[in-house]
Amino acid sequence: MNTLSYKTISVNKETAQKEWVVIDAAGQVVGRLCSKVAKLLRGKYKPTFTPHVDCGDNVIIINADKVVFTGNKETDKLYTRYTGYPGGQRFETPAKLRTRKDGSERIIRHAVKGMLPKGPLGRSLMDNLYIYAGTEHKHEAQKPKAIDINQYK
């Protein structure tokens, strides 16, 4: 074998084929939507997936305020944060979090972050996620293609 056809192709930052995609989150279940978004950010749906490289797509999520929870999670689930002061642990339900200005964005960002690798790669992958509460977004110049997230597993 004198050719290099048997070598495994490893993608690097320069050779990664990154695309821009738009996902409509209206009526989608939070966990199921976010697991598919995490795979898109990571690049797992691509045949050239490389575990240690950012080879995923840039994902724009619109209608983030219209995502739903199954069961009683809207009122029973608790998000915990810490202010940094003694006794500063705060708890919020998704219903209360949605009343805040960026609440629906925080819900999705928290779910996606937990599904990405921990460390520098996972933190850099989160920079490729853009979440908007309404239907308008400011990334028209990138010519994102709208995809149906339900066709992915």
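Author: The discussion below takes up strands, aromatic pairs, cysteines, backbone angles and pockets in turn. This is a predicted model, in which local features need pLDDT of at least 70 and side-chain atom pairs count only at pLDDT 80 or more, while totals for chains, interfaces and linings use all residues. Residues are numbered from 1 along each chain as its sequence is written, and side-chain values use heavy atoms, with hydrogens and water left out.

Reader: What is the order of the strands in the open sheet?

Author: Helices (H or I, at least four residues) and strands (E, at least two) are DSSP runs, numbered from the N terminus. Two strands pair if DSSP finds at least two bridges between them. Here, an open sheet of 4 strands has the order β5-β2-β1-β6, and its pairing is parallel. β5 and β6 each have a single partner strand and stand at the edges, so one side of each is left without a neighbour in the sheet. Strand β1 (residues 20-24) is joined to β2 by 5 bridges, and the two run parallel. Within this pairing, tryptophan 20 stands opposite asparagine 58 in β2.

Reader: How many bridges join strand β3 to strand β4?

Author: There are 4 bridges between strand β3 (residues 79-82) and strand β4 (residues 89-92), and these strands run antiparallel. Tyrosine 82 faces glutamine 89 in β4. The hairpin of β3 and β4 has 6 residues between the strands, and in it glycine 84 takes a positive phi near 105 degrees.

Reader: How is a pair of aromatic rings described?

Author: The description uses the distance of the centres and the angle of the planes. Rings of Phe, Tyr and Trp (its six-membered ring) pair if their centres lie within 6.5 Å; planes under 30 degrees apart count as stacked, over 60 as edge-to-face and the rest as tilted. A search of the whole structure finds 2 aromatic pairs. Tryptophan 20 and tyrosine 130 form a stacked pair, with 5.4 Å centre to centre and 25 degrees between the planes. This pair links distant parts of the chain, since tryptophan 20 is in strand β1 and tyrosine 130 in strand β5, 110 residues apart. The rings of tyrosine 45 and tyrosine 152 have centres 4.6 Å apart and planes at 50 degrees, so that pair is tilted. Tyrosine 45 lies in the loop between α1 and β2 and tyrosine 152 in the segment after β6, so the pair ties together parts that are 107 residues apart in sequence.

Reader: How many disulfides does the count give?

Author: A disulfide is a covalent bond between the sulfur atoms of two cysteines. The criterion is a pair of cysteine sulfur atoms within 2.5 Å, and by this rule the count comes to 0 disulfides. The sulfur of cysteine 34 has its closest cysteine sulfur in cysteine 55, 20 Å away, which is too far for a bond. As for accessibility, buried means under 20% relative accessible area, exposed over 50%, and partly exposed in between (1.4 Å probe, protein chains only). Cysteine 34 is buried, at a relative accessible area of 1%, and cysteine 55 is buried at 2%.

Reader: Is asparagine 63 buried or exposed?

Author: Asparagine 63 is buried, with a relative accessible area of 6%. Its phi is near 60 degrees, a positive value in a residue other than glycine. Asparagine 63 is found in the loop between β2 (58-62) and α2 (73-76). Lysine 143 also has a positive phi, near 50 degrees, and lies in the loop between β5 (129-131) and β6 (145-146). Lysine 143 is exposed, with a relative accessible area of 71%.

Reader: Which residues are closest to the centre of the largest pocket?

Author: Rolling a probe the size of a water molecule over the atoms shows where empty space is left. On a 1 Å grid over the protein atoms alone, a pocket is an open set of points where a 1.4 Å probe fits, with protein on both sides within 12 Å along at least five of seven lines; lining residues have an atom within 4 Å of a point. Grid points are joined across faces, edges and corners, and a volume is the space filled by probe spheres set on the points. The largest pocket holds about 390 Å³ of space. Of its 18 lining residues, Thr80, Arg106, Arg109, His110 and Lys113 are the closest to the centre. The largest share of this lining, 5 residues, comes from α4.
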